[in-house]
Amino acid sequence: MQLNQYLDELRPLVNIDCGTQTTEGVAVVAGLMEKKYKDLGWHAEIVDLGKEVGPGVFATNKPGATQFDVLLIGHMDTVFPPGTAAERPMSTDATRLYGPGAADMKSGLLNILWAIRALDDSDVQRLSIAVAMNPDEETGSVYSHEWLGKYAKQSRYVLVAEAARADGSLVKARKGMARYNIDFHGRAAHAGNAPEKGRSAITELANWILAINQLGNAETGTTLNVGVVKGGDAANIVPDKAQAVVDVRFWDNNEYHRIDKAINEMSKKAYVADVTSTVTEMAHTPAMSPSAETEKLMTLVERCGQEEGIPVKWQAVGGGSDANHTAALGVPSLDGFGPIGADFHSPAEYVELESIIPRIKLLSRIIKSL
């Protein structure tokens, strides 16, 4: 395996704007990945997931299979706006690789491909392997999680190639996530001449913020963050509209149900008379927790790590991935099979160069061992 060849193949994937909403960029990445699998002699197809997002890509060595030994998942979208790729294209120094989405997760897409290329012909004949690449993971896989779930339910195991953590750990558990948009509607009035005729949507929003902050639970690790607030038109107008966006994270799916019920109950009563509120759940990703079958898979991964000379450690992390969705279906799912990286979603995002080839070999050995 030649690292320079890998970097040459990675560069076009990083040097293109493909934020979730930049669907034309996602489509370019999809086309590049589809061709790579066709060049392997595999079945590969572009999948239309609706007009709201870019396409997905599905590839397999056994197009007639109804059951797969493993489903490998990667996402093609990033969080970055148009212009980012031109502003800071892929670069390297002595130890690290940089660029928008380099770790999260263009390198993961390539690690899956290279791990498959490293399989013996006998392994490819023996195993049924599926690869699914989706276009909207960064916004919760709203349009793709059912498509991924269809293949997950046909698979013995799911491996997701998000980056390994900065210390090299793989991921055995992830927090669940929910995102709510809350719209407030009051009554406008002149703030000087007739403030009593107004009903402030912003005052209602402020009360909600205080109440939402009380719903968190440090003992269970449940957090709520009012991350976006908007409202009003001018300082001398009692505001008739306001909006908040709330991020919820939880280790226990029962906590999601508690929070969901509480937020929806809050919309039934107003802190400010005559102000109404509308709660819309924008995204929901269940928590990922290891089952007994997942723990057996972890043991296999640890053994493969020993054979490759890579000490396998595990982390439970706060951010979600597509492994959350597949684990919730009862399919043993593990994550972090890309190269080592960190500082995701920031200009400092990086991949450790020396981790790339060893992690490809680890993933390939795991696939062979199934």
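What volume does the second largest pocket have? The legends below, which describe a predicted model, begin with that pocket.

**Figure 1. The second largest pocket and its lining.** The volume of the second largest pocket is about 250 Å³. Its lining is formed by Thr-139, Val-142, Tyr-143, Arg-179, Gly-227, Val-228, Val-245, Val-246, Asp-247, Met-282 and Ala-283. Strand 11 (223-231), strand 13 (241-250) and strand 14 (276-285) each contribute at least two lining residues, and strand 13 gives the most, with three residues. Seven residues of this lining are nonpolar, two are polar and two are charged.

**Figure 2. The largest pocket.** The largest pocket holds about 410 Å³ of space. It is lined by 25 residues, of which Glu-137, Glu-138, Gly-319, Gly-320 and His-345 are the closest to its centre. At least two lining residues come from each of helix 4 (102-117), strand 9 (176-185) and helix 10 (322-328). Sorted by class, the lining comprises eleven polar, nine charged and five nonpolar residues.

**Figure 3. Packing of helix 1 against helix 2.** Helix 1 (residues 3-14) and helix 2 (residues 23-39) have axes that come within 9 Å and cross at roughly 150°. Because of this crossing angle, helix 1 is roughly antiparallel to helix 2. On the side of helix 1, the contact involves Glu-9, Pro-12 and Leu-13, which meet Val-29, Leu-32, Met-33 and Lys-36 of helix 2. The contact has five nonpolar and two charged residues, and no polar ones.

**Figure 4. The region annotated as a dimerisation domain.** An unreviewed UniProt entry lists residues 173-273 as "domain: Peptidase M20 dimerisation". In the predicted model, the chain over residues 173-273 is 27% helix and 35% strand.

Figure 5. Most peptide bonds are trans, and most residues other than glycine have a negative phi. Asp-104 and Met-105 are joined by a cis peptide bond, with omega about -5°; Met-105 is found in helix 4. Asp-274, although not a glycine, has a positive phi of about 75°, and this residue is placed in the loop between helix 8 (253-266) and strand 14. Asp-343 also has a positive phi, near 60°, in a residue other than glycine. The loop that contains Asp-343 runs between strand 17 (341-342) and strand 18 (350-352).

Terms used: Residues numbered from 1 in each chain as written. Predicted model: local features only at pLDDT ≥ 70, side-chain atom pairs only at ≥ 80, totals over all residues. Heavy atoms only, no water. 1 Å grid on protein atoms, 1.4 Å probe; cavity = no way out; pocket = protein on both sides within 12 Å on 5 of 7 lines; lining within 4 Å. Points joined across faces, edges and corners; volume = space filled by probe spheres on them. Helix = DSSP H or I, 4+ residues; strand = E, 2+ residues; numbered from the N terminus. Nonpolar A, V, L, I, M, F, W, Y, C, P; charged D, E, K, R; others polar. UniProt positions renumbered as here; feature names shortened; annotations may be inferred. Axes fitted to C-alpha atoms, helices over the stretch in contact; angles between N-to-C directions. Parallel < 35°, antiparallel > 145°, perpendicular 65-115°, else oblique. Contact = heavy atoms within 4.5 Å.
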